[in-house]
Amino acid sequence: MPLSPGVHFLEPTIPVHVFEASTPGPTALIQAGIHGDEIAGVHALQELLEATIRPTHGRLLICPVMNPRAYRARRRAPADGLDLNRCFPGDASADAWELRLARKFMDLVEDERPALMATLHESQKRYDPSAERPTFGQTLVYGVEPMPEIISRTVARLNERFASDQERWDPQYFPVATSSTEVIVDAVGCVGICVETWMGFEEPHRIEMQKTVVEYLLDDIGVRKLNA
């Protein structure tokens, strides 16, 4: 059953903010902080919540700190824990906290069946298609083909807003079978996007870019029609 509007908790310290518009529409689920050393997305969602972001159509769910243990340590994963983004779909009976949390998040997704699930990340290396190993900064990453059209539209809007060569955004196809995004896409058939800002920028600028991406995605999917 979908959650009622308000703040709910997957665990005692993991809030999920649920907003519902008076006008019907799709559901969008945005989360950040699944890796604790990638902080811009966490702060972006917290600032959007403080600015009273609300859907104009449908439902909006925001989980600003998906992995509080890693976030407190400012590490990809806590020293004694697992990489939460490699724990999906999870296991409710597992000893590992991350596997139990991943299962609770999957239960939420399967109840809500969002049209869009976006997760906010950061990368230490800027995207370079010629690099020997994949790099991700300044990309919208997707794991299924063909590329969802919302990605090309959002990249185009971002490149109008952030015009320098270093700020340029690109789409990137990079499937990871156990990531939260890909597992959720497989489970409910939604659009799944991993947003990656480059850590070479100062933190306030990365936060601003993350906020802009979220607003553009919500605008495009029809949950928050900024241009209406």
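Strand E1 (residues 6-9) pairs with strand E2 in the antiparallel sense over 4 bridges; strands here are DSSP runs of at least two residues (E), helices runs of at least four (H or I), both numbered from the N terminus, and two strands pair if DSSP finds at least two bridges between them. This is a predicted model, in which local features need pLDDT of at least 70 and side-chain atom pairs count only at pLDDT 80 or more, while totals for chains, interfaces and linings use all residues. Residues are numbered from 1 along each chain as its sequence is written, and side-chain values use heavy atoms, with hydrogens and water left out.

A hairpin of 5 residues links E1 to E2, and Val-7 has His-17 of E2 as its bridge partner. Because 5 of the 6 residues of E2 (residues 15-20) are buried, the strand is largely enclosed by the rest of the structure. Buried means under 20% relative accessible area, exposed over 50%, and partly exposed in between (1.4 Å probe, protein chains only).

The largest pocket has a volume of about 720 Å³. Its lining has 28 residues, and Arg-76, Arg-86, Ser-123, Phe-136 and Glu-196 are the closest to its centre. Two or more lining residues come from each of strand E5 (116-123), strand E6 (139-142), helix H5 (180-188) and strand E8 (191-198). E5 gives the largest share, 4 residues. A pocket is an open set of points on a 1 Å grid over the protein atoms alone, where a 1.4 Å probe fits, with protein on both sides within 12 Å along at least five of seven lines; lining residues have an atom within 4 Å of a point. The volume is the space filled by probe spheres set on the points.
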